[in-house]
Amino acid sequence: MDILKEAEKVEKEVIELRRKIHMYPELGFEETKTSEIVYDYLKNLGIEVKRIAKTGVVGTLKGNGSKTIAIRADMDALPIQEENDVEYASQIPGRMHACGHDVHTAILLGTAKLLANMRDKLKGNVKFIFQPAEETTGGALPLIEEGVLENPKVDAIIGLHVDPELQVGQIGITYGKAYASSDMFDIIVKGKSSHGAEPHKSVDAIVIAANIVNILQTVVSRKANPLSPIVLTIGIIEGGYARNIIANKVRMSGIIRMMEEEKRDEIVEMVEKICDNTAKAMGGEVEFKRTRGYPCLVNHKGMTDLIKETAFPLLGESNVIEVAPTMGVEDFAYFLQKVPGSFYKLGCGNKEKGINKPIHNNQFNIDEDCIKIGLAVHVSTVLKYLNSNG
């Protein structure tokens, strides 16, 4: 069977699905219309389907075998005002599919249709997982906690993410650590206010905060292994009321991204200690709150090999590219902590067409020719996995 030709047969339909979803973007755990489209489409294919984790949907296609492979697509959009001049631009002010989740969802629906058409030949089961809230608090963990990987038990999982840095016709694979972990933190620096003419009567929270920001840079430069990347960012700092009043309070928010999962707690504790000790040394105090983010995403070698070996004859070896890890985060990581799998990148850029805006940009778009590539790689990987003896 020529899978690319089969993908081309449903390509137009899948593009229309993508555009429909793109026009009505919904934020995390608000994907009611999107999940309704997904639910109805799967049901019409004769796939067993149910709702899960608020707005999540899972479909199960049962074949003739005991193995089960899952494919995941995220569905949520971003709070961004779209600036693309296209007929299918977002119709919801301040909402946009600027990270390609509309593409992921449409590709998985098309994959479900192609596999449903060959269900009698499937040597196992396929689960289609449509996940809410990847961009916010994370929908993967609630799905897992509600049993998405059970009944039937999932033995392997794959997923993709569009990437405008790769050209259409290419995919990117990464062995091992592919995405960073994240830990967010919020700090309140407390001092003592006074008139600006009498600084000796104050404890200047702004000066304390400035010193904290400076000293935190040593976490990366002097405390972390230089061969293992770590990024520490203070993205918000707010304090003060007037130019002639010494501030008694400063609020700061930041994030830590790193590749050493086992060092996360140690680094966060170090950051908190620096904040606390710096404030105390200057006569103030801090409140420190950590919000644990996603873990490192670690691709399994066997499943990454499978995607590579599947894509070689489809796309040509030169179009299957090993890409470097990113310090971005992705909650597909939670699935990979439970079952073997791999998360790959789907090239969606086209320099000749001027399609080169990065994800999360208000003019982000894709070359829709990438959709048939995603369909073909997904379907071929599933078939190769189910037909294998492993």
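These legends describe close-up views of a predicted protein chain.

**Figure 1. The whole chain, with its elements and extent.** The model is predicted: local features need pLDDT of at least 70, side-chain atom pairs count only at pLDDT 80 or more, and totals for chains, interfaces and linings use all residues. Residues are numbered from 1 along each chain as its sequence is written, and side-chain values use heavy atoms, with hydrogens and water left out. The protein chain holds nine helices and 16 strands. Helices (H or I, at least four residues) and strands (E, at least two) are DSSP runs, numbered from the N terminus. Along the principal axes, the C-alpha atoms fill a box of roughly 80 × 45 × 40 Å. Of the 390 residues, 54% are buried. Buried means under 20% relative accessible area, exposed over 50%, partly exposed in between (1.4 Å probe, protein chains only). Among contacts (heavy atoms within 4.5 Å) between residues at least 6 apart in sequence, 81% join residues at least 24 apart.

Figure 2. Helix 1 runs over residues 3–23. Its 21 residues should span 30 Å at 1.5 Å a residue, and the end C-alpha atoms are 29 Å apart, which agrees. The expected span is 1.5 Å times one less than the number of residues. Helix 1 bends by about 50° at V10. That bend is the angle between axes fitted to the seven residues ending there and the seven starting there. V10 is also buried, as are I3, A7, E11, V14, I15, L17, R18, I21 and H22. The cover over the buried residues of helix 1 includes helix 2 (32–44), helix 3 (101–116), helix 7 (301–315) and helix 9 (370–387). At the start of helix 1, a side-chain oxygen of D2 comes to within 3.2 Å of the backbone nitrogen of L4.

**Figure 3. Helix 2 against helix 3.** Two packed helices are described by the angle between their axes and the distance between the axes. Here the axes of helix 2 and helix 3 come within 10 Å and cross at roughly 10°. Helix 2 is therefore roughly parallel to helix 3. Axes are lines fitted to C-alpha atoms, for helices over the stretch in contact, and angles run from 0 to 180 degrees between N-to-C directions. Angles under 35 degrees count as roughly parallel, over 145 as roughly antiparallel, 65 to 115 as roughly perpendicular and the rest as oblique. From helix 2, V38, Y41 and L42 meet T105, L109, A112 and K113 of helix 3.

**Figure 4. Helix 2 and its surroundings.** The 13 residues of helix 2 should span 18 Å at 1.5 Å a residue; the end C-alpha atoms are 18 Å apart, which agrees. T34, S35, I37, V38, Y39, Y41 and L42 are its buried residues. They pack against helix 1, strand 1 (48–52), strand 2 (56–61), helix 3 and strand 4 (125–131). G46 follows helix 2, and its phi is positive, near 80°.

Figure 5. T278 is found in helix 6 (residues 264–281). T278 counts as buried because its relative accessibility is 9%. Not counting residues up to four places away in sequence, T278 touches I208, N211, I212 and I215. E269 is also placed in helix 6. E269 counts as exposed, at 53% relative accessibility. E269 and H200 are 69 residues apart in sequence and 32 Å apart in space, C-alpha to C-alpha.

**Figure 6. P313 in helix 7.** P313 lies in helix 7. P313 is exposed, with a relative accessible area of 69%. P313 and K5 are 308 residues apart along the chain, with 14 Å between their C-alpha atoms.

Key:
Polar contact = N/O pair within 3.5 Å; in protein donor to acceptor, adjacent residues only side chain to side chain.
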